[in-house]
Amino acid sequence: MRFNAQLSRPEQYIGPGGFYSSRDDIVISTLLGSCISVALYDRALPVGGLNHFMLPESRMEESTLGAESAKFGVNAMELLINDILKKGGEKKRLRAKVFGGSTVIALKAEAIINVPKMNIEFAFGFLDVERIPVDSYSVGGALARKIYFFPHDARVLMRFSGSGSGIAHRETIYSNRLLEQERNEGRPILF
Amino acid sequence: MGASILIVDDSVSIRQSVRFILEQSGYTVFEAADGLEGLKRLSEQKIQLVISDVNMPNMDGLTMVKKIRETEGIKFVPILVLTTESQGSVVEEGKKAGATGWIVKPFNNEKLIETIKKVLP
């Protein structure tokens, strides 16, 4: 963790597929393109965390929670929720802020599926089903977003960033990695 | 009607997504939101397989597995643990508790169904 002099706090950066939660007065940051970040927090402790995920493109047919690709989103959310619960947070007290889902690359003409839109719909659908209230959000559009989340007081600083191409590339790598990972690592163990 | 499977998970989304996959393969699905509710379901319903999460409020998955293994009438039901926990020590705990198998999320649908077929009596 590096020290962010401007924000006078230690800063934990998370990349695509990452998540981090803390009870300390730190800042958790990420850079988002079409991916989604959900900030989750229990103000009573306080404890909060941020994730950075997407639903992999090639499996996407629908955004319902039962759909094949949605389980990657469910998994990303569950990892963060469990991490917060382990640090003493209570599921009933969790609240959320949602960011991302921008169209950082021009959608291909032949693309049937609008990936950013699917990611956004998934995030709100999940939070709705799990009865986690959304306090604020900034989603969609064409610009990348830099997010700074303060788990201590659930505050978020956000700034738009124009340099979308690098992010789009990283997110594509991440999407492919997800599918690869599922093929290779999801091996059940029988005792 | 396919075999009856009980899903124990505190997340509605996970239960929905597992239910969707199991029903597509013809299984009959029951749900419980934690270990306590899982035990209650097992006492009321003829269940042929349990799929359970680990981290849950009220009663966690591994405690439920131990209780099932101590309870006459249900002690031999196969139990697959479906979890984000992949750490060796936790998996070992699951084995000791009496789980039949361990699947780390995000799981592969085909592998999940294959595993279910292997462990169903």
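## Strand β1 of chain B

In this predicted model, strand β1 of chain B spans residues 4-8, and five of its five residues are buried, so the strand is largely enclosed by the rest of the structure. The burial involves both directions in which side chains leave the strand: S4(B), L6(B) and V8(B) point one way, I5(B) and I7(B) point the other way, and all are buried.

S4(B), which belongs to β1 of chain B, has a relative accessible area of 13% and counts as buried because this value is under the 20% cut-off. Leaving aside residues up to four places away in sequence, S4(B) touches T28(B), F30(B), K46(B), I47(B), Q48(B) and L49(B). Strand β2 of chain B, residues 28-32, runs parallel to β1(B) and is joined to it by five bridges. Within this pairing, I7(B) has E31(B) as its bridge partner.

## A sheet that includes both chains

β1(B) and β2(B) are part of an open sheet of six strands, ordered β11(A)-β5(B)-β4(B)-β3(B)-β1(B)-β2(B), in which the pairing is mixed.

At the residue level, I189(A) stands opposite W102(B), while L190(A) has G101(B) as its bridge partner in β5(B).

## The interface between chains A and B

Contact between the chains involves 31 residues of chain B and 23 residues of chain A. The two chains bury about 2,500 Å² between them, with 57% of that area on carbon and sulfur atoms. Two salt bridges are counted between chain B and chain A. E78(A) and K105(B) form a salt bridge in which the closest N and O atoms are 2.7 Å apart.

On the side of chain B that touches chain A, at least two residues each come from α1 (12-24), α4 (88-97), β5 (101-104) and α5 (109-119). The element of chain B that gives the most to this side is α1(B), with six residues. By class, this side of chain B has eleven nonpolar, twelve polar and eight charged residues.

## Helix α5 of chain B

Helix α5(B), one of the elements that supply residues to the side of chain B touching chain A, has N109(B), K111(B), L112(B), I113(B), T115(B), I116(B) and V119(B) as its buried residues. In general, residues three or four places apart in an α-helix point the same way, because the helix has 3.6 residues a turn. At the start of α5(B), a side-chain oxygen of N108(B) comes to within 2.9 Å of the backbone nitrogen of E110(B).

In chain A, strand β6 comprises residues 47-51 and is mostly covered, with five of its five residues buried. V47(A), G49(A) and N51(A) lie on one side and G48(A) and L50(A) on the other; both faces are covered, and these residues are all buried.

Two pairings of β6(A) can be described. Strand β3 of chain A, residues 19-22, pairs with β6(A) in the antiparallel sense over four bridges, and S22(A) has G48(A) as its bridge partner. Strand β5 of chain A, residues 36-42, is also antiparallel to β6(A) and is joined to it by four bridges. In this second pairing, L40(A) stands opposite G49(A), and the two strands form a hairpin with four residues between them.

## I84(A) and its surroundings

I84(A) is located in helix α1 of chain A, which covers residues 70-86. The residue counts as buried because its relative accessibility is 0%. Apart from residues up to four places away in sequence, I84(A) touches S21(A), L40(A), V47(A), G48(A), G49(A), G89(A) and L94(A). Among these, V47(A), G48(A) and G49(A) are themselves buried residues of β6(A). I84(A) and L94(A) are ten residues apart in sequence, and their C-alpha atoms are 9.3 Å apart in space.

Technical notes
Residues numbered from 1 in each chain as written. Chains lettered and ligands numbered in written order. Predicted model: local features only at pLDDT ≥ 70, side-chain atom pairs only at ≥ 80, totals over all residues. Heavy atoms only, no water. Contact = heavy atoms within 4.5 Å. Buried area = accessible area lost by both parts, 1.4 Å probe. Salt bridge = Lys/Arg side-chain N within 4 Å of Asp/Glu carboxyl O. Nonpolar A, V, L, I, M, F, W, Y, C, P; charged D, E, K, R; others polar. Pairing = 2+ DSSP bridges. Buried < 20%, exposed > 50% of the residue type's maximum accessible area, 1.4 Å probe, protein only. Polar contact = N/O pair within 3.5 Å; in protein donor to acceptor, adjacent residues only side chain to side chain.
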